[in-house]
Structures are given as C-alpha cells and as structure tokens.
Amino acid sequence: MSKILFIDTLTTGVHQERCAIYRIGGIICEENVNTLHEGFRFDLAVRPFTGARIVENSLWVGGVTRGDLVGYPSQEAAFTDFYKILEDRINIRNSKDKMYLCGFNVAFDVPFLKNWFLRNGNTHFRDCFYIQDIDLMSVSAFAMMNFRESMPDFHLETAAKALGITPSKGERYSCLDNAETCIKMYIALKERLGAGRPEGWTPGTKVFKNFIEIKK
C-alpha cells in the first residue's frame, strides 16, 4: 500500500529560506491494488515568520493582504496541526511507513516544507516522506513530448486540460483545488504511461481547517 500526499502551497515569494509558506493544502490518499482511497483533506493558513520577505504579487495570487496574514495562526501552531496530521497516518519510527509527496511542480514546494520543519526544530522530514517526490509537471512533460510545442504554456490548468481533465477551480486560488486536480492528473498519467489506472477515487467533502474562512 502506498500513501500519497497530494499537496500545494502558497508562499510569500520564491526564495525558500527568506520567504515563508502562508497557505498549505493537501489530500492524503492510499493506493492499494489499483484502488485509490482518499483518507483526509486539510487546508491550513500560516502566519509568516518574523522577518520573512513578502512579495506583493505572491499575496495577490492568494487574494490576501498583509493584514490578513497577521490574523493567521502562528508558524508554530500551524506546524503542530500539520505534523499531527502526519503522525496520525504514519509511524515515523518505521522506515518503510512514509508518504510520497506529489504535486504539480512539487519541486518548488518541497524546499519550503523542509525549511518549515527546520524552523520549528523538527528534523523528521525524511522520516515522514520518501526522498523520491512525484512531480506531475515533469511526468506530464514526458507524456506530452510529442505535442508540447503546440501548448501556449505549461501551467497546471493547461497541462490538465491537455490530458482531458477539467481542473477543480473555485472562485479564488485554492491549494486544495489544485491538489484535487493533481489527483485527477495522477490517475490519467498512470493510465497513459501504462502503469494501470487506479479506480475507486471519489472526492471527499470534509476538510480540516485551522482558520475561519472570510469571504471577500
């Protein structure tokens, strides 16, 4: 049985050490004998650490302001929630009980996650996650080599539509919506690359949140 965390983050900029995660959302699934079972959804807001570099365009993507960030749960509180989610689903003392991190351009998210662990004095990142991340951007690029030059760009939505997938999309940018789109891409890519199509996945409805949603 494989455990997969489909994940996406919003950050205050692109520099992994100077900038901070301010939103993180994910869907934990288990795959066994080509059956994909959704186990848990979470959507966490995170107040940037003191002194974090904040790029205004990065806040615009998430539809938030500096004032919104001040009201978010602290780094420590949000990380405690996140780590508890992991601890409830893996045994960090068992080297064979880990999760795969999966996402579109997850190579961007992983360094931020590693630094988030370290900023909270936690050295168990690789006890939680396999070193082999599943980057759907790279896998999609491989699967679309024959027509990549005809695509206008290679953003998540564009790549998903090229696979015949309608992206999950709400009114605003959502890490959770992107994670759900990534699950659909994962299923389509496995079938396209001859690895077998996982069956049985249905979207969940319950989401663990550490904040009160303020609609603007």
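Begin by selecting F6 and Y186, both of which are buried, where buried means under 20% relative accessible area, exposed over 50%, and partly exposed in between (1.4 Å probe, protein chains only). The model is predicted, so local features need pLDDT of at least 70 and side-chain atom pairs count only at pLDDT 80 or more, while totals for chains, interfaces and linings use all residues. Residues are numbered from 1 along each chain as its sequence is written, and side-chain values use heavy atoms, with hydrogens and water left out.

**Aromatic pairs**

The rings of F6 and Y186 form an edge-to-face aromatic pair, with 5.5 Å from centre to centre and 80° between the planes. Rings of Phe, Tyr and Trp (its six-membered ring) pair if their centres lie within 6.5 Å; planes under 30 degrees apart count as stacked, over 60 as edge-to-face and the rest as tilted. F6 belongs to strand β1 (residues 2–11) and Y186 to helix α8 (residues 175–192), so this pair links distant parts of the chain, 180 residues apart. Helices (H or I, at least four residues) and strands (E, at least two) are DSSP runs, numbered from the N terminus. By the pairing rule, the count comes to 15 aromatic pairs.

Next, select Y83 and F117, another edge-to-face pair, at 6.1 Å centre to centre and 80° between the planes. Because Y83 lies in helix α3 (residues 75–87) and F117 in helix α4 (residues 106–119), the pair ties together parts that are 34 residues apart in sequence. Y83 counts as buried at 9% relative accessibility, as does F117 at 0%.

**Nonpolar cores**

Which residues touch the most other members of the largest nonpolar core? They are I24, F82 and F129, in a core of 29 residues. A nonpolar core is a set of buried Ala, Val, Leu, Ile, Met, Phe, Trp, Tyr and Cys residues joined through side-chain atoms within 4.5 Å. The elements giving two or more residues to this core are β1, β2 (21–32), β3 (35–45), α3, β4 (99–103), α4 and α5 (125–128). Apart from this core lies another, of 27 residues, with F6, C102, L176 and Y186 among them.

Centre the view on F82. Leaving aside neighbours within four places in sequence, F82 is in contact (heavy atoms within 4.5 Å) with I24, F42, L44, L113, W116, F117 and F129.

**Charges over rings**

Select R89 with F40, then R119 with F49. R89 lies over the face of F40, 3.9 Å from the ring centre, and R119 lies over the face of F49 at 3.5 Å. A charge sits over a ring if NZ of Lys or CZ of Arg is within 6 Å of the ring centre and within 35 degrees of the ring normal.

**Salt bridges**

The structure holds 8 salt bridges, each a side-chain nitrogen of Lys or Arg within 4 Å of a carboxyl oxygen of Asp or Glu. Select E38 and R41, whose side chains meet in one of them (2.5 Å, N to O). E38 is buried at 13% relative accessible area, and R41 is buried at 7%.

Finish at E157 and K169, a salt bridge with its closest N and O atoms 3.2 Å apart. E157 lies in helix α7 (residues 156–162) and K169 in the loop between α7 and α8, so the pair ties together parts that are 12 residues apart in sequence. E157 is partly exposed at 33%, whereas K169 counts as exposed at 62%.
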